[in-house]
Amino acid sequence: MRQLFHVTPSGWAGLGTAAFGILILPSLSNSYWLSVFTSMGCFLLAIAGVAFMYARLGMVSLTQVGLMGVGGWIALRLNHAFDFPFEVNLALAATATMIFGWILALPALRMRGLYLALVTLMAAGGLEIIFATFQFPNGGAGFWGVQTGSGAAFRRPWIAQSAQAYLRYVIACALLGFLCIELHRRLQPGRAWALIRRSEAAAMAAGVNVTLYKTWAFGIAGLLGGAAGALLAGSLGLLDDGTFRASESVMIFALAVVGGAHSWQGALVAAALYKVLPAVLNIWGVDANLSFVIFGAGLLHAVITAPQGIAGQLLDGLRRLSPKREARDA
Amino acid sequence: MRLARYGNWLLWALLMAAVIGVLGWGGRPQMVGLFIASGLAVGSLYALAGIGIVVLYRATGVLNFAGGAAGAAGAMTAWQLTAWGFWEPLGWLACLLVATAITLFYGRLIAPRLAWRETVVKAVATLGFALIILGAISFLWADDPRSISLPTDAVGVRLLGMRITATRLLLFAASIGIVIGIWLFLARTTIGLQMRALASDRDLAALMGIPILRVETIAWAIAGLLAGFTGLMFADLIRLEPSVITFMVIPGIAAAICGRLENLVVVLIGGLSMGVIENMLTMSPVLRGVRPIAPFVIAALVLLYYQRGQRLTFGGRD
Amino acid sequence: MLEIEDVTVRFGGVVALSAVSVRFDKPVNGIIGPNGAGKTTLMNVLSGFVRPASGRVSGDGEALLPLAPHRRAHWGLRRSFQKEEIADDLTVFENVLVQIDHSRSPARSKTAEVEAMLALVGMADRAGKIGAALSGFERRLTDVAKCLVGRPRLVMFDEPAGGMSVDESRQLGALIRQIHGATGAQVLVIDHDVELIRTICEDTLVLDFGRRIAFGPTAEVLDDPRVKAAYLGTEEV
Amino acid sequence: EVSCGMNTGQAATGAPILVGGIYGNAAPGDWSSSTDSAAAYFACVNANGGINGRPVDYRVENDQWNPEAAAQAAARLVNDTPTVAMVGNGSFIEMAVNANTYEAAGIMVMASACAISECFETPNIVSTNQGPLSSNLGAAQYAVEELGTRHVACIGLNIPNNGIWSCQAVQDFMRARGGEATAVLINPGAPDVNSALLEAMASGADTILINQPAGIALAILSAAEEQDLRDQFNWIAPTPLYDQSVPAAVGAYWWGHIYVNAELAPLEVNGPDAQNWIAVLDQYGRADDPRDSFGQAGYLSARFFTEAMLAMDPAQLDDRAAVGAAIRGITGYTSDLMCGPYYVGDADFHMPNHAGYMVKVVEGGFEIVRECYEYDSPYFEPHIALETQLGLR
Amino acid sequence: MAFVVTDLAVTKGGRAAVSGVSLRIEPGQVVAVLGANGAGKSELVLGLAGMLPVTAGSVAVDDQPLTGRGPDAIRRAGIAAVPEGHRVLARLSVDDNLRAAGSILPRGLDETLADTYALFPELAERKKQLAGTMSGGQQQMLALGHALMARPRYMLIDEMSLGLAPLVVRRLMGFVEGLKARGVGILLIEQFTSLALGVADTALVLRSGKLRFAGPAQTLRDDPQALDRAYFGH
Ligand SMILES: Nc1ncnc2c1ncn2[C@@H]1O[C@H](COP(=O)(O)OP(=O)(O)OP(=O)(O)O)[C@@H](O)[C@H]1O
Ligand SMILES: Nc1ncnc2c1ncn2[C@@H]1O[C@H](COP(=O)(O)OP(=O)(O)OP(=O)(O)O)[C@@H](O)[C@H]1O
Ligand SMILES: CC(C)C[C@H](N)C(=O)O
Ligand SMILES: [Mg+2]
Ligand SMILES: [Mg+2]
């Protein structure tokens, strides 16, 4: 049990980063950066979901942003239909998306590797069309809840009404997400997943219920993605289908690999690349099309030169600086 | 075994007939015909995109998301040359050349550095390349309504009261011809065999003395040519809009999935069926809003059908 | 006691096993046969990775075929693969613990059991080592320890000595001999190292082209002229 | 000789007045021509005495067709910068994302290129252009009155605040005129538009209204050409097809057969304001700034804004609320680029521009087929009431 | 005329797996490489085949330098390696596997194919079967077949008898004698030491990636103690 609550150096660094994000970052940021960091926080949570599936089970989900859309859709739907507080909407949206993830997983479980990735890509393509066709609820009537003209207000958590407080809230949620993953990793599911990644046959032979654990993993990714979507809805007050294209799901996975799927640092790098880099390029006045080119080139470069991801490279560098410290990823 | 094979075809034919029957019920026969003809054209494009993907995947193990972008770059070049007053065939040729050059650039300079990575990582890396191409295209050509038309558009035959242009016929014939040609190439030639060897296990193929770089270059060149041709056809038949042509790869992948990333004939038939079903959905008041979802649903169902009754067994491979 | 009745397996047109019946009741049993005889297939049928076209399998009187693979593991079936399957990012201890993770016994007793079995295979001092850092032989030993925890009833090895030096395979053989004593499980070994089979197995089944061609005490079986012709080639190896 | 603001010929040197603008430029479209023209006009104003000697510091952001980037652009321009107003906005999504932000921040947005309902039905946004709803109505009205249309098939984008909203208005209009309309919706994610065209054909319509961005519209027209449908239907379209590259892109087959509503004065009208706009662009803009209808709209928004600022108490120029009140107070501004008067008014909806021209696609350009006419539809009842109240009628 | 390796070092995953190994294979000679599990035998073969980076030393065949060349170039220079673990082109048929391996031959593909099938009738029976669905031993035969199809002058075989039935091993040993007689030089890694020493002219023993013994196979055949010493260093 001591092992369960043992905090590794990397873990301390993570807690420190979260503390910085919660205590200091918001007061340093203006409204623009608050908005950038908030959406980075939301996507961090979603990226944590894909990265964990990939790192722990070797499963590739190309539908994570689609799942975010599902979570966001549900959160909006609940917000406009009922008077629940934000937390309830968040929890329900995350849970429902988890269930959605399970349902998605059921047919996908027979597959692995590329095929699994492609089925999830098909799901992402389908969700993209559905979002584009029906849009996100904005206070209208009926099941789809869409009205023309400006939408109704989205209620934020009562403790996080301001943009600053909301950023804190999002970072705290992301931290919880990482803790949830880490907890799983240290317990029975973590061991089962490690073996499944090695070989599903070996896992079955070792008494691991492969279906259950794979479904479970999909559920967790869905949970994180759903929560991320609900948080994003809270950040913007409304959602647009343009955010949830299938290509964005692919991009998120690519970034998770580029950042380094095995560590929280990698997810952070990925989220920063996804949200902060374009914001910086935008401030520098780089043409949006050119920043696409830069982004794509950076992605390729990182995939080629950093097999462990950028975070892996940075951590290796750090380890070389401080010898004798055997840090295991948290 | 053989019976099972025919069983699949029979099942497919029945399903298609059922879909067309149910959706077309009560519609004017001529409209149904028009929807089918229109579906076959889009379907050929899906199939062509899928064929490009499968050929490259089988030979190099790279699932290429950038084919659409390369085709878009080619089509834009063709448009530009024509706008500058060059002789049109020169533009078409340039389209093929540009798409091939872009694809080869990736195949020669970037893909080998990623050869040892997992398939999925290699696939998403090509998305990065697609972004580069798309960004560059949008930077070079401001958004403007454009179109390309081939001389074959002017020629057409009338069939059951609908007009079918020579372009559509050409596309249809070309996709069948390409499938047959590539199938023969892979099955009958040494390079084709080497390509298949490479796709199965690149390291081992190298160990067997197969000149990896040369074979891969050929595969990428074929993929580039196909991408250019698809881009040109897409620009003519659907529209000349780089981002739309770029993301055409996603339904293309759906078509490729139907053939399990392997069987070109099934890719062709799958692509055509997707196009037809997607168009036929227009006749359903309930489903017409979501008709573009058809390729994804079909691909997912087909995959499930393939995997039915199968238990997971060994290894980390698919 | 393991009873296999009339098991037939087809892959498309290939008949990999045809109506194989056999009853293993000795502590350590061998399966040999030419390449492609169906040995691995038989083991896959037992562990649930291949569904036979027909036949029944019962272990200690319980029908095994209806159980899903992981259920068979819970029942007490263990197997090793031709290539050991040790997760690189788990420690030796964790790699073994996975095998009994599903059981409801208290954490302390699980820990004790894993430690005991690691000691038995001689890996106790390396329990904290991560999978990726193990040598080939250590990985194989960890694999064996995995087969010993959780009250196994039937332990199967597919070519465990493949790629091992003569000394190592002798050591492994000795370890396999101890399994029945330590856990009460019955052991099934496939290998082409006839010396190994001869020294550790009481009974041996010989398969050829998916058919049982001999079964009985190992020494007798190895002397059977049909076995010599189909498998060994000549008198001595 | 250009005319801008105070026309002093002296560069403004005082403390700058901060003004923002958001445009969308990324795939699938470049909507920056309105902010480009507005920027050129402000540059001209600054070179001509500014606003009572104070230059306009015009800051623009690209929303990249991405809702989050749009929100961030507004955060940067509205929350982080003490801008007094937003001028010249051109986007497909920004207004939907930011309408509430603008209202909360109490800032007025004088948009120029607006395509969605939020632009016209929220309190803090007023646009110079008409948007699809109004322009559709203009096209449909022309078709009913001149082409004998009884049944319109409106091919719109399957987006609630764009295609559905604007085709719905056409249905209401046709019903009011005793006719009929069918909405045919294209999913924005669908590459192929042919099935939508077929659906329109099957609806029994006699007129096809192509309520689409130019790219998709061209695709529909080429599909129709393939089936040789030109003479079986009347072909009408709202403003997006009024684009100088369209006649060449549609090809000779269509010349003389497509009627397009132009929400601002077509280029050949060339009144004094139109000439001034071109002169401003030539002198203060970039060579590649588009000379299109969105550019006209951006110019107009900037010009009307400047006029309103010049009419204000100079002490209040940095006060967002005061500037907002001044903008709301705009009434009866005119330009030869617009058929009717421009006004804002203190309402929860704004659509000052609901009169336009009708043009026909001909070889090498467009030909005006109907001069300024006001659209007549039940949708405009509240607007007319407001105009009456403001004394504009 | 020989396959000469001087002072070779090979790394795997950043760790030196083999270092300072020199050896020489004459045509018609068998060099047995022995050593415990993890001694670096497989890495040696992979390094020689161009599949792992060679960080020091040189490799040459018949005075033609091969150091740092890619695996395909090395195979085309006449050196065929059979890596450990019966690697086959899983998604190709047996026949296609062998034809692909023979596709680098300038001529005589069909005869070579016939020879290979004659050595492994098990394979001839399953020409159309997908290689990945074959049994372990059948795949090992196919992996050996790959190398034979190149008609190499030198063969590097890792764990030749791994997973093969005794009958087949016997057949193979006879075949190795035949290859020797035809002047093919062979580097042989084999778990059954006595078998390897039985055909070998020269024996090498590796431990922790370094050569601990190099000399006539006879020496180790005659003195099992010497073998143990070299293996375990007691
Ligand atoms: N999926 C399959 N499709 C077709 N044939 C198969 C399939 N799987 C196995 N076989 C065939 O079934 C037979 C039995 O294979 P199995 O792996 O059981 O042999 P084995 O006795 O373990 O041989 P080895 O000693 O070489 O490991 C082989 O001939 C093999 O080629
Ligand atoms: N001391 C060690 N620490 C970590 N890994 C090792 C060590 N020794 C060997 N290994 C790994 O074990 C595997 C087997 O090593 P290698 O291939 O060199 O052995 P070998 O001599 O061919 O023996 P065999 O093939 O019989 O196992 C390799 O992947 C190697 O990296
Ligand atoms: C000193 C060493 C060579 C001793 C060695 N262990 C042996 O028994 O021979
Ligand atoms: Mg076997
Ligand atoms: Mg080895």
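Domain bounds, as used here, come from an automatic or database domain assignment. On that basis, chain C is divided into domain 1, comprising 1–76 + 154–161 + 186–237, and domain 2, comprising 78–150. The structure is a predicted model, in which local features need pLDDT of at least 70 and side-chain atom pairs count only at pLDDT 80 or more, whereas totals for chains, interfaces and linings use all residues. Residues are numbered from 1 along each chain as its sequence is written, chains are lettered from A and ligands numbered from 1 in the order in which they are written, and side-chain values use heavy atoms, with hydrogens and water left out.

The C-alpha centres of the two domains of chain C are 25 Å apart. Their contact, defined by heavy atoms within 4.5 Å, takes 15 residues from domain 1 of chain C and 10 residues from domain 2 of chain C.

Ligand 1 is surrounded by residues from chains C and E, so the site is shared between chains. A residue is taken as near the ligand if one of its heavy atoms lies within 4 Å of it; of the 20 residues around ligand 1, those that come nearest are Lys39(C), Thr40(C), Thr41(C), Ser135(E) and Gly137(E). The shell divides into 4 nonpolar, 13 polar and 3 charged residues, where Ala, Val, Leu, Ile, Met, Phe, Trp, Tyr, Cys and Pro count as nonpolar, Asp, Glu, Lys and Arg as charged, and the others, Gly among them, as polar.

Polar contacts are pairs of N or O atoms within 3.5 Å; within protein, one atom must be able to donate a hydrogen and the other to accept it, and residues adjacent in sequence count only if both atoms are side-chain atoms. An oxygen atom of ligand 1 lies 2.8 Å from a polar backbone atom of Gly38(C), and on chain E an oxygen atom of the ligand is 2.7 Å from a polar backbone atom of Gly137(E). A polar side-chain atom of Gln138(E) is placed 2.9 Å from an oxygen atom of ligand 1. Of the 640 Å² of accessible area that ligand 1 has on its own, the protein covers 88%, with areas computed by the Shrake-Rupley method with a 1.4 Å probe.

Strand β1(E) (residues 3–12) pairs with β2(E) (residues 15–25) in the antiparallel sense over 7 bridges, and Lys12(E) stands opposite Arg15(E) in β2(E). Strand β1(E) is also joined by 6 bridges to the antiparallel strand β4(E) (residues 54–61), in which Ala56(E) is the bridge partner of Ala9(E).

Notes:
Two strands pair if DSSP finds at least two bridges between them. Helices (H or I, at least four residues) and strands (E, at least two) are DSSP runs, numbered from the N terminus.
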